[in-house]
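This briefing is for a reader new to the structure.

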Amino acid sequence: MEKSVEEKLHKRRVRYSGKYPKKFEEKYKEHNPEKYKDVVEHVISKGSTPAGMHISIMVKEILDFLQIEPGQQGLDCTLGYGGHTSKMLEKLQGKGCIYGLDIDPIESKKTVERLRNAGYGEDVFKFRQMNFENIDKVCDEAGKFDFVLADLGVSSMQIDNPERGFSYKIDGPLDLRLNPDSGESAAERLHNITKEEFVGMLVENSDEPYAEEIAEKVFSLMKKGNPMDTTTALREAIEAALWKVPKEEKAVTIKKSCARVFQALRIDVNSEFEVLYAFLDKLPSILKEGGRVAILTFHSGEDRLVKKSFKEHKKAGIYSEISEDVIRPSAEECRLNPRSKSTKMRWAVKN
């Protein structure tokens with residue numbers, strides 16, 4: 001029987017085998033959280049992050065510190081899913097403006113659309129696709145800011161999408177770029193450096209204790225014609241490199257080493273330390289007198305840089321106050337969102 005025009009135009013959702021969807025592209029409910037609120041809430045209540053979503057971390061602590069008032073101007077340096085931005089926009093009550101920055105062309109487009117649909121027009125929310133090392137350029141356009149937020153973590157949407165290559169747990173191309181349209185992928189980077197440079201990367205970026213063994217195995221495999229171009233290939237190389245680890249410790253050791261190796265590569269591919277250096281150096285110049293900045297970090301390397309910068313600027317009289325100790329998420333937040341466990345928050349106030 002000939003299908004009607006309506007049937008031809010209607011695109012059916014992807015079907016999946018089994019009771020629940022397993023593949024990323026099949027998780028239609030979590031990809032449209034606005035339509036399936038009950039499902040998303042159920043997933044979150046179990047301590048998981050729904051695929052295609054990101055749960056904003058330490059929202060209350062950030063808002064308590066920033067003390068946002070209607071009429072102020074703010075900057076979210078890493079827009080991501082837009083959770084922090086939407087809560088900060090609520091505080092403005094339609095008066096003032098927030099600029100949002102992000103270099104990810106894929107996720108930022110979705111986030112801007114969500115915020116526009118929520119009623120935040122160009123008058124109160126302005127998006128710029130750029131790296132937050134260029135905050136001085138935003139300041140040239142907008143003027144100085146009353147409050148600034150920088151969440152340095154990778155968004156859950158990026159981690160969960162196999163095509164982005166951020167997770168060793170799911171097979172996909174070894175990419176790891178925050179902006180997949182620019183620069184070298186992690187696979188290309190691995191094939192363009194020496195074994196010694198890879199060892200240095202693993203030590204410097206993630207304090208990997210098995211750096212020598214992992215680099216030896218990775219480069220041995222590549223020399224034999226085995227391309228290191230997928231997340232699975234790299235994970236299996238790491239597993240093979242740790243064959244001497246005692247059986248009772250192997251599973252945990254492999255998991256931690258995989259996380260550190262992928263972290264080290266991600267930092268290198270996206271020049272994350274260089275970007276953070278530039279951001280911290282320019283930060284005081286974009287803040288108004290009394291302006292406040294909060295920064296969320298997710299590993300010791302980032303936190304050390306932020307702590308050092310804040311202390312130096314406080315000593316120089318540029319910041320009037322800084323957080324003496326890190327602020328961490330509550331036990332309840334860590335239970336509901338396990339990805340928040342490694343988060344550290346530091347803050348500063350401009351003199």
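L265 is part of helix α13, which covers residues 247-269. The model is a predicted one. L265 is buried, because its relative accessibility is 0% and the cut-off for buried is under 20%. Its C-alpha is 9.8 Å from that of L174, while 91 residues separate L265 and L174 in sequence.

**Salt bridges**

- The structure has 19 salt bridges.
- One of them joins E208 and R260, with 2.8 Å between the closest N and O atoms. This pair links distant parts of the chain: E208 is in the loop between α10 and α11, R260 is in helix α13, and they are 52 residues apart. E208 is buried, with a relative accessibility of 4%.
- K195 and E216 form a salt bridge through their side chains, at 2.7 Å from N to O. Here too the pair links distant parts of the chain, with K195 in helix α10 and E216 in helix α11, 21 residues apart.
- K195 is partly exposed at 28% relative accessibility, and E216 is partly exposed at 40%.
- R116, E122, K126, R128 and E141 are connected in a network of salt bridges.

**Helices α10 and α11**

- A patch of negative charge on the surface is made up of E196, E197, E212 and E213. Helices α10 (195-206) and α11 (211-223) are the elements that give two or more residues to this negative patch.
- E212 lies in helix α11. Is E212 buried or exposed? E212 is exposed, because its relative accessible area is 54% and the cut-off for exposed is over 50%.
- The whole structure contains six aromatic pairs. One of them is the tilted pair of F198 and F219, with 6.1 Å centre to centre and 50° between the planes. This pair links distant parts of the chain, as F198 is in helix α10 and F219 is in helix α11, 21 residues apart.
- F198 is buried at 0% relative accessibility, and F219 is buried with a relative accessible area of 15%.

**Another aromatic pair**

- The ring centres of F310 and Y319 are 5.5 Å apart. Why is the pair edge-to-face? The planes of F310 and Y319 stand at 80°, and an angle over 60 degrees counts as edge-to-face, so the pair belongs to that class.
- Both partners are buried: F310 has 2% relative accessibility and Y319 has 1%.

- Helix α5 (83-92) is mostly covered, as seven of its 10 residues are buried. The buried residues are G83, H84, T85, S86, M88, L89 and L92.
- K87 and E90 are joined by a salt bridge between their side chains, at 3.9 Å from N to O. Both residues lie in helix α5, three residues apart, which is about one turn of the helix.
- An α-helix has 3.6 residues a turn, so residues three or four places apart point the same way.
- K87 is partly exposed at 36% relative accessibility, and E90 is partly exposed at 45%.
- K95 is in the loop between α5 and β2 (97-101). K95 is exposed, with a relative accessible area of 54%.

**Positive phi at two loop residues**

- M58 has a positive phi of about 55°, although M58 is not a glycine. M58 is in the loop between α3 (37-45) and α4 (59-66). With a relative accessibility of 0%, M58 is buried.
- Q67 has a positive phi of about 50° and is likewise not a glycine. Where is Q67 found? Q67 is in the loop between α4 and β1 (73-76). Q67 is partly exposed, with a relative accessible area of 45%.

Conventions
Residues are numbered from 1 along each chain as its sequence is written. This is a predicted model: local features need pLDDT of at least 70, side-chain atom pairs count only at pLDDT 80 or more; totals for chains, interfaces and linings use all residues. Side-chain values use heavy atoms; hydrogens and water are left out. Patches are made of residues with over 30% relative accessible area and no salt bridge: like charges are joined within 9 Å, nonpolar side chains (Val, Leu, Ile, Met, Phe, Trp, Tyr) within 5 Å. Accessible areas come from the Shrake-Rupley method with a 1.4 Å probe; for residues, only the protein chains shown count as cover. A salt bridge is a side-chain nitrogen of Lys or Arg within 4 Å of a carboxyl oxygen of Asp or Glu. Lys and Arg count as positive and Asp and Glu as negative; His and the chain ends are not counted. The place of a charge is taken as NZ of Lys, CZ of Arg, CG of Asp or CD of Glu. Helices (H or I, at least four residues) and strands (E, at least two) are DSSP runs, numbered from the N terminus. Buried means under 20% relative accessible area, exposed over 50%, partly exposed in between (1.4 Å probe, protein chains only). Rings of Phe, Tyr and Trp (its six-membered ring) pair if their centres lie within 6.5 Å; planes under 30 degrees apart count as stacked, over 60 as edge-to-face and the rest as tilted.
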